[in-house]
Amino acid sequence: MERPKVIFVDAVGTLFGVKGSVGKVYSQIAQEFGVEVAPDIVDKAFMESFKASPPPIFPDADAEDIPQREFEWWRRIALNTFESAGVLTQFADFSSFFGELYIHFGTAEPWVIYPDVVQSLSNWQHIGIELGVLSNFDSRLYSVLQSLGLSHYFSSVTISTQVGAAKPDPKIFAIALEKHNSSPEEAWHIGDSIEEDYQGAKAAGLRGVWINREKSYN
């Protein structure tokens, strides 16, 4: 197999995952605000809310407005999550709670790097393959990569909220390729979603590589 010029990797679920589960983290921080709810209930409500949300893209937004739009996008998901879980009215100040939750996910604390990641990135970097992150996450990805000690592996970071297109849209792959002056045939994309990562990459002309991660790391 011919060596690629560049390898793009997805972020959440590929490079790193949530410790335990999203529901566990949400419920732990909710507890600090006096709201008791079981993590499994929150997990179920979160997945339903997340899947029902529109893609995290803001093509009509000015660059300086994107962080606020990202914040509002996630706030709606959290609001719907706790409403579906039946505990929204128990929050005395949901805005304060969500502000803390949002900041928390921009740090290293809720995340864990998968065991094979650092060695793989080091090996690829060592043999001269360019590396980029290609993600449907948001601007907090920069601080997460930095705090997890992964930033130095990547010469590009392409995020859906900043480019107005989300995987599996071919546009986001094309934007990432431009950053490396690479043709699709010279690139791989690795991710944990069959639809967004594997099929999205193939449709855009890249080699798609699907990685099957465990759902949670405690």
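This is a predicted model: local features need pLDDT of at least 70, side-chain atom pairs count only at pLDDT 80 or more; totals for chains, interfaces and linings use all residues.

Reader: Which helix gives the largest share of the lining of the largest cavity?

Author: Domain 1 (6-17 + 111-210) and domain 2 (20-106) each put at least three residues into that lining. By class, the lining holds 5 nonpolar, 2 polar and 2 charged residues. The largest share, 3 residues, comes from helix α3 (residues 66-84).

Reader: Which residues are closest to the centre of the largest pocket?

Author: That pocket has a volume of about 1400 Å³. Of its 48 lining residues, the closest to the centre are V12, F46, M47, F50 and D192.

Reader: And which element gives the most to the lining of the largest pocket?

Author: Several elements supply at least two residues each, among them β2 (16-18), α1 (22-32), α4 (94-104) and α9 (194-203). Split by class, the lining has 26 nonpolar, 10 polar and 12 charged residues. The top contributor, with 5 residues, is α2.

Reader: How many charged residues are in the lining of the second largest pocket?

Author: The second largest pocket holds about 180 Å³ of space. Its lining includes K19, K24, E32, E100 and E109, and α1 gives the most to it, with 5 residues. Next to 3 nonpolar and 3 polar residues, the number of charged ones is 5.

Technical notes. Residues are numbered from 1 along each chain as its sequence is written. Side-chain values use heavy atoms; hydrogens and water are left out. Helices (H or I, at least four residues) and strands (E, at least two) are DSSP runs, numbered from the N terminus. Ala, Val, Leu, Ile, Met, Phe, Trp, Tyr, Cys and Pro count as nonpolar, Asp, Glu, Lys and Arg as charged, and the others, Gly among them, as polar. Domain bounds come from an automatic or database domain assignment. On a 1 Å grid over the protein atoms alone, a cavity is a set of points where a 1.4 Å probe fits but cannot get out, and a pocket is an open set with protein on both sides within 12 Å along at least five of seven lines; lining residues have an atom within 4 Å of a point. Grid points are joined across faces, edges and corners, and a volume is the space filled by probe spheres set on the points.
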